[in-house]
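Let's take a walk through a protein model and look at where some of its charged side chains end up. Keep the sequence and the 3D view side by side as you read.

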Amino acid sequence: MEFFTETSSTIDKKPKLTKLGLSLIAVTGGLATAISVVCIPFVSPAFRRICLPYVPATNQQVQNVLQALKGRSGSLIDLGSGDGRIVLAAAKAGFKSYGIELNPWLVWYSRLMAVTKGLSSQTSFLRRDLWKCNLRDYDNVVIFGVEQMMEDIEQKFNTELQRDSVIIACRFPLPNKDPIATIGEGVDAVWIYKR
């Protein structure tokens with residue numbers, strides 16, 4: 001019985017990496033790392049107890065929020081401000097507007113949009129956990145929540161907000177409070193509450 005044996009000429013012929021091959025490996029590895037770094041803030045909410053994903057507000061939702069704010073003034077905070085649409089629209093309507101967002105890319109994007117629209121002096125975007133932010137200094141609060149968090153956020157509102165503050169809940173209503181008004185329907189509906 002014969003076994004295959006390598007000769008010295010077979011052993012010496014190892015494939016060599018060319019400069020082009022090394023460059024391609026470096027570029028694809030670098031791109032994969034960069035994409036992973038950018039994606040982590042968008043994926044990480046799924047690992048929290050309550051997942052508050054980034055879903056941009058529709059134009060109709062923004063208009064409904066602005067309609068809910070008619071006749072109001074003072075400061076406004078958007079909890080989970082995403083790309084800053086609500087904050088920027090409220091600032092344009094005359095509010096001193098704040099956005100709280102965990103995703104650092106969305107915070108930087110919102111800040112950039114505020115600068116490009118000339119609204120940076122009326123807005124402030126902070127990378128913060130909405131559960132750790134005290135709401136006592138805000139006259140108007142906007143929340144695009146998920147159903148699982150609405151009871152807990154309602155308790156936070158009851159504890160921290162001043163009397164006469166207005167709460168605008170988008171996508172899901174507060175479970176234990178009756179709204180003073182509802183604007184829109186379906187996914188674009190907003191519920192208005194007085195503290």
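Which side chain does Asp137 meet in a salt bridge? The partner is Arg136, with N and O 3.9 Å apart. A salt bridge, by the way, is a side-chain nitrogen of Lys or Arg within 4 Å of a carboxyl oxygen of Asp or Glu. Before going on, a word on the source: this is a predicted model, where local features need pLDDT of at least 70, side-chain atom pairs count only at pLDDT 80 or more, and totals for chains, interfaces and linings use all residues. Residues are numbered from 1 along each chain as its sequence is written, and side-chain values use heavy atoms, with hydrogens and water left out.

So how open is that pair? Asp137 counts as exposed at 55% relative accessibility, while Arg136 is partly exposed at 45%. Those words have cut-offs: buried is under 20% relative accessible area, exposed is over 50%, and partly exposed is in between (1.4 Å probe, protein chains only).

The structure holds three salt bridges. Another one joins Asp83 and Arg85, at 2.7 Å from N to O. Here Asp83 is buried at 9%, whereas Arg85 is partly exposed at 36%. Then there is Lys156 with Glu160, whose closest N and O atoms are 2.8 Å apart. Both sit in helix α6 (residues 150-160), four residues apart, which is about one turn of the helix. Helices (H or I, at least four residues) and strands (E, at least two) are DSSP runs, numbered from the N terminus. Lys156 is buried at 8%, and Glu160 is buried too, at 18%.

Now for a charged residue without such a partner. Arg171 lies in the loop between β5 (166-170) and β6 (181-183). Arg171 is buried yet has no salt bridge, and the nearest side chain of opposite charge, Asp188, is 6.9 Å away. (For charges, Lys and Arg count as positive and Asp and Glu as negative; His and the chain ends are not counted.) What does the side chain of Arg171 reach at 3.4 Å? That would be the backbone oxygen of Pro56. The Arg171 side chain also makes a polar contact with the side chain of Gln61, again 3.4 Å. A polar contact is a pair of N or O atoms within 3.5 Å; within protein, one must be able to donate a hydrogen and the other to accept it, and residues adjacent in sequence count only if both atoms are side-chain atoms. Leaving aside neighbours within four places in sequence, Arg171 is in contact (heavy atoms within 4.5 Å) with residues including Phe144, Val187 and Trp191.

Next, look at the strands around that loop. β5 and β7 pair in the antiparallel sense over five bridges, and Cys170 stands opposite Val190 in β7. Two strands pair if DSSP finds at least two bridges between them. β6 and β7 are antiparallel as well, over three bridges, with Ala181 opposite Ile192. In the hairpin of β6 and β7, six residues lie between the strands, and Gly184 takes a positive phi near 80°. Strand β7 (residues 190-194) is mostly covered, as four of its five residues are buried.

Last stop: Glu101, in strand β2 (residues 96-101). Glu101 is buried at 13% relative accessible area, and its side chain reaches the backbone nitrogen of Gly82 at 2.7 Å. The C-alpha atoms of Glu101 and Leu126 are 6.4 Å apart, although 25 residues separate them along the chain.

Notes. Lys and Arg count as positive and Asp and Glu as negative; His and the chain ends are not counted.
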